[in-house]
Amino acid sequence: MGMTATPSLTKDTALSPTTSQEWISTTTANEIADWIREQNSILLLTHAKPDGDALGSSIALARAINIASETSGAACKAECWYAAPMPSWAKTIIGNTKAKTIEDNQPMPGAFDPEGILITDTGSWNQLAPFAEFLKTRLDRTTIIDHHLQGDAEIATRRLIDSSAAAAVQPVAEICCILLGVDSPADLPVEIAMPLYVGLATDTGWFKHSNVDGRVMRLAGQLLDTGVNHTSIFAMLYQRDRTSRFKLMARALESMEIIKEKNAAIMTVTLQDFKDTKAGPGETGGFVDLPQSVAAIRVVAILTEQKDADGVFTKISLRSKPDEWEGKPAVDVNAVCNTLGGGGHARASGAKIRKPLEEAKQMLIAALP
Ligand SMILES: [Mn+2]
């Protein structure tokens, strides 16, 4: 959950004082569809390090825009730009849809100047940092479709913020239907339904998080009706690991220390572990969830030793279970990480500490309630 500096708006791009700066919807799905139809070119952006919902919402929308304009003979062309790193399965979702990936610390491609910019699954400067310079001078042509509780309203005057949605693909599915003139997501082409399903399934932890409700399951059912192959999507997302990841997982579990009085499990992964198992730093995803299957474990941390130009540092990831346990409330891991200079959400949070692994571990144990 690395936080990047927020770029400040220059005076000439600042919005008029009459513009609502509150993070609420200012437009409807129908109005966004009308706005899309008025553009000759649309650039789709989403948060850096895109996940399933970020990729799914932007690819589905790009395809709907392109199919709709081909059908109507309109000129509008849509393409997506992403800020690396990308998940290993990104290529399968993107397919033939026009998309560019901006690698770390690389400048934005300069030649393309879209008439409209559509941002999905975020509205925060700190998640759009790689695009900030490009966006700052084009805020007047930007639209946001998001489901997060917080965002920077100054980025776009046209905002569709559906904070009751579990995934950004839910409002996006509605707009795809309007653009293609179909009544139900069940009538969408499967190449649009597939990325929508990816977003819905991943943002709900494969339909098990607390954000699942009837609306989520109804959309899932309608998308399956289009012919989405959910078992191949599951295999693509969760069954393509390398054996090196499993060897690293064994090391992480072996390292696990239980802090009984804090109902905590702490795992550590060293630089030597990465070397011995030939695993990469991106292969620790999901390890932090494993000890949560133990009843008495209420909070889990994984500390990963990493190295950059400034030397060795420790990355901490924390998860906590939502329900209280024997009268003890759920651990607010956002508050824990705040004391370590990081942050995130109440149930999932992180911090980066410029300390060796053991020292960082002692700081974390002291910070746990
Ligand atoms: Mn999302």
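Colleague: Where is Phe 207 found, and why does Phe 207 count as partly exposed?

Modeller: Phe 207 is found in the loop between α6 and α7; helices are DSSP runs of H or I with at least four residues, strands are runs of E with at least two, and the numbering starts at the N terminus. This is a predicted model, in which local features need pLDDT of at least 70 and side-chain atom pairs count only at pLDDT 80 or more, while totals for chains, interfaces and linings use all residues. Residues are numbered from 1 along each chain as its sequence is written. Phe 207 has 13 C-beta neighbours inside 10 Å. With C-beta atoms placed from the backbone, 20 or more others within 10 Å make a residue buried, 12 or fewer make it exposed, and partly exposed is in between. Phe 207 therefore counts as partly exposed.

Colleague: What makes the phi of Phe 207 worth a remark?

Modeller: Phe 207 is not a glycine, yet its phi is positive, about 60°. Trp 206, also not a glycine, has a positive phi of about 55°. Most residues other than glycine have a negative phi, and most peptide bonds are trans. Trp 206 is found in the loop between α6 and α7 and is partly exposed, with 15 other C-beta atoms within 10 Å.

Colleague: How do you know that the peptide bond joining Ala 84 and Pro 85 is cis?

Modeller: Its omega is about 0°. Pro 85 is found in the loop between β2 (77–83) and α3 (90–94).

Colleague: What is the angle between α6 and α7, and how far apart are their axes?

Modeller: Helix α6 (residues 190–203) and helix α7 (residues 214–225) pack at about 150°, with axes 10 Å apart. An angle over 145 degrees counts as roughly antiparallel, under 35 as roughly parallel, 65 to 115 as roughly perpendicular, and the rest as oblique. That makes α6 roughly antiparallel to α7. The axes are lines fitted to C-alpha atoms, for helices over the stretch in contact, and the angles, from 0 to 180 degrees, are between N-to-C directions.

Colleague: Which residues of α6 and α7 meet, and into what classes do they divide?

Modeller: Ala 193, Leu 196, Tyr 197 and Leu 200 in α6 meet Val 216, Leu 219, Ala 220 and Leu 223 in α7; contact here is C-beta atoms, placed from the backbone, within 7 Å. The residues divide into eight nonpolar, no polar and no charged. Nonpolar covers Ala, Val, Leu, Ile, Met, Phe, Trp, Tyr, Cys and Pro, charged covers Asp, Glu, Lys and Arg, and the others, Gly among them, are polar.

Colleague: Which residues of the largest nonpolar core touch the most other members?

Modeller: Of its 66 residues, Leu 61, Ile 65, Val 172, Cys 176, Leu 196 and Tyr 197 do. A nonpolar core is a set of buried Ala, Val, Leu, Ile, Met, Phe, Trp, Tyr and Cys residues joined through C-beta atoms within 7 Å. Helix α2 (residues 52–72) gives the largest share of this core, nine residues. Apart from it lies another core, of 30 residues, among them Val 269, Ile 316, Val 333 and Cys 337.

Colleague: Why is Ile 233 called buried?

Modeller: Ile 233 has 21 other C-beta atoms within 10 Å, so it is buried. Ile 233 is found in helix α8 (residues 230–238). Beyond four places in sequence, Ile 233 is in contact with Tyr 197, Val 198 and Ala 201.

Terms used
Two residues are in contact if their C-beta atoms, placed from the backbone, lie within 7 Å.
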